[in-house]
Amino acid sequence: MPGIGIPTLEASLPPIVKRNYGKWISHEHPRPGVIKHDSETGEACYTVRAAMPPNARVSTATVRKLCAVADEFAEGFFRITQRNSIEYVGVPPGRIDELIARLAALGLPVGGTNRSLHNTTCCTGYMHCHLAATDPAAIMQNVSAMLLREYQTDTLPAKLKISGSGCINNCGEGSCADIGIVGVHRDLPPIHVEKLKGCELPLVISVCPVGAIRPKGPGMVEIDPKRCIHCPACSVACGAFAPIGSADGDGVAIVVGGKSSNTGDGPAIAKLVIPYLPNNPPHWPEVTKAVKTIVDAWVANARLDERLGEWINRIGWERFFQRTGLPMSLKLVDGYDARALEYARSNVRFRW
Ligand code: SF4
Ligand code: SF4
């Protein structure tokens, strides 16, 4: 019903998409950053994709410029993709060069299609989340700059997706990307006893995913340091546990081999390969170096169309560590399965 809920999809579609809705039969990538969709009606639709800034943060001034570009090149429509790229759909093929130059003048590189780095994505992190252990947007800015050539060319073995999250809540979905950059706290959450009175202690105890919080006398709880995985869940449930983290304890972990789609080997959760790198703004050299090391090893050894996780599945984790030169530890990769049997599902919300 008009006026209730979000605007209708029909009102948001470019005319060429409306005309060919449900009639698309194939697509190809005539050049990096450009997708051509063919319809059974005989029409071909050209889409130009460009990278947006990390976390798709733009000013109204920039949005007005993007809208002006849409008016001129794409009948007044654009869309933001799941990976925070901007796409102009229905661009006349003879004007693609002109559009690419216009976007470049706005600082938006065209690319991120086919066998390239697809735009990096991340959660808000420090920008406005109190749980963050790192600044994923700033890290992604550096990673994107380092891999700009890989974004603008189709020269990788397969598509590459790099995602960042400010903490292990993983709102940025690092765990289902080829490379995930995940903020980690290493400190126990503080317990501000004077604030405990304002909290529902049974709720706080139940919210801990590993059962690390337990009662300790009337109106008091304690944290088992051997169980705590330094997630920020308790600090969400109760202000007595905040803020979690510290300048020395917080940092970044790297996970690899994740994927959300059902293509190839199917969906996969990324595995931990680097447990901790320091927060080192503004350029995070340790993090960018680790990402480059992993990407270089994959590029040098993967087969065509083999995503990073599929390459690892073929050669095995031991060889992955040999090829990348990253230090291997029994505490990596397996996701602490052995310890998980002890406690991961032993919290008060136990389910199997
Ligand atoms: S992943 Fe963590 S830091 Fe990022 S938005 Fe979610 S809770 Fe906040
Ligand atoms: S909720 Fe997370 S941070 Fe808090 S005690 Fe449990 S594991 Fe540790």
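## Ground rules

Helices here are DSSP runs of H or I with at least four residues, strands are runs of E with at least two, and both are numbered from the N terminus. We're looking at a predicted model, where local features need pLDDT of at least 70 and side-chain atom pairs count only at pLDDT 80 or more, while totals for chains, interfaces and linings use all residues. Residues are numbered from 1 along each chain as written, ligands are numbered from 1 in the order in which they are written, and side-chain values use heavy atoms, leaving out hydrogens and water.

Asn114 has a positive phi of about 55° without being a glycine, and is partly exposed at 24% relative accessible area (buried is under 20%, exposed over 50%, partly exposed in between, with a 1.4 Å probe and protein chains only). Asn55 also has a positive phi, about 65°, and sits in the loop between strand S3 (44-51) and helix H2 (60-73). At 16% relative accessibility, Asn55 counts as buried.

Then there are the cis peptide bonds. One runs from Ala242 to Pro243, with omega near -5°, and Pro243 is in the loop between helix H7 (233-237) and strand S11 (251-256). Another links Pro281 to Pro282, with omega near 5°; Pro282 belongs to the loop between strand S12 (271-278) and helix H8 (285-301).

## Ligand shells

Around ligand 1 you'll find Cys123, Cys129, Cys167 and Cys171, among others (a residue is near if one of its heavy atoms lies within 4 Å). That shell splits into 6 nonpolar, 5 polar and no charged residues. For the bookkeeping, Ala, Val, Leu, Ile, Met, Phe, Trp, Tyr, Cys and Pro count as nonpolar, Asp, Glu, Lys and Arg as charged, and the others, Gly among them, as polar.

The shell of ligand 2 includes Cys208, Cys228, Cys231 and Cys234, along with Ile213, Ile223 and Ile229.

## Rings

The model holds 4 aromatic pairs (Phe, Tyr or six-membered Trp rings with centres within 6.5 Å; planes under 30 degrees apart are stacked, over 60 edge-to-face, the rest tilted). Phe78 and Tyr88 are edge-to-face because their planes stand at 65°, with centres 6.0 Å apart. Phe78 is partly exposed at 31%, whereas Tyr88 is buried at 0%.

Trp311 and Phe320 also pair edge-to-face, at 6.0 Å and 70°, and both are buried. Together with Trp317 and Phe321 they form one aromatic cluster.
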